Amino acid sequence: MHPWRVVIVVGGIALVVSLALFLGYNSDTTDQGRQEVSADVRQVRPAPGSIATPQTDVEVHLRSGLTGVLVLNGVRLPEDQLVIDNATSTITFRPAPGKEVSRLAAGRTDLAVLYWSQTEPEPAKPQSYGWRFQVGA
């Protein structure tokens, strides 16, 4: 075997391994990932395009000073079933028996947050941010 072939093969393998390690170290595989949300919506969970379970909590972190409600597949969730933490501007819904939604339905799920200032009453047309994710069976 020619010595240059060994050098080329070993160098190629080293390059592939280095690239794989670099990409693995710098990838973000968390549920939140690198979200592109609005200036008012800091983070959403499940992340847009992610896959969730039927019992996954739905959560929105708004900019400080905002509050709101959640709309799941076109249905506004009752405020008494949401956990609204004005101190952190977080809105959470946990599917459970006896609630509007006992479990998220399998398939594509559309979610939106309608939001406004905590110091004002809900406007007739609040601002909104929507996203989609998949629910596994």
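Which residue in S9 is the bridge partner of Gly107? Hold on to that one for a minute, everyone, and let me walk you through the fold.

A word of caution to begin with: this is a predicted model. Of its 137 residues, 33% count as buried. If you take the contacts with a separation of 6 or more, 56% of them are between residues 24 or more positions apart.

Now, back to my question. The partner of Gly107 is Val135 in S9. Strand S8, residues 107-117, and strand S9, residues 127-135, pair in the antiparallel sense, with nine bridges between them. S8 also pairs with strand S4, residues 66-72: those two run antiparallel as well, joined by seven bridges.

Next, please find strand S3. With strand S1, S3 makes an antiparallel pair over four bridges, and Arg45 has Glu59 of S3 as its bridge partner. S3 is also joined to S7 by four bridges, again antiparallel; here Val58 stands opposite Phe93 of S7. Is S3 enclosed or open? Four of its five residues are buried, so S3 is largely enclosed by the rest of the structure.

That brings us to the inside. The largest nonpolar core has 27 residues, and Val41, Val60, Leu62, Leu70 and Val113 are those with the most contacts inside it. At least two residues of this core come from each of S1, S3, S4, S7, S8 and S9. The largest share, six residues, is supplied by S8. As a general background thought, nonpolar side chains in soluble globular proteins tend to be buried together.

Let me zoom in on Val41. Leaving aside residues up to four places away in sequence, Val41 touches Val60, His61, Leu62, Val113, Tyr115 and Tyr129.

Val7 sits in helix H1, which covers residues 3-26.

Technical notes
Residues are numbered from 1 along each chain as its sequence is written. This is a predicted model: local features need pLDDT of at least 70, side-chain atom pairs count only at pLDDT 80 or more; totals for chains, interfaces and linings use all residues. Side-chain values use heavy atoms; hydrogens and water are left out. Buried means under 20% relative accessible area, exposed over 50%, partly exposed in between (1.4 Å probe, protein chains only). Contact means heavy atoms within 4.5 Å. Two strands pair if DSSP finds at least two bridges between them. A nonpolar core is a set of buried Ala, Val, Leu, Ile, Met, Phe, Trp, Tyr and Cys residues joined through side-chain atoms within 4.5 Å.
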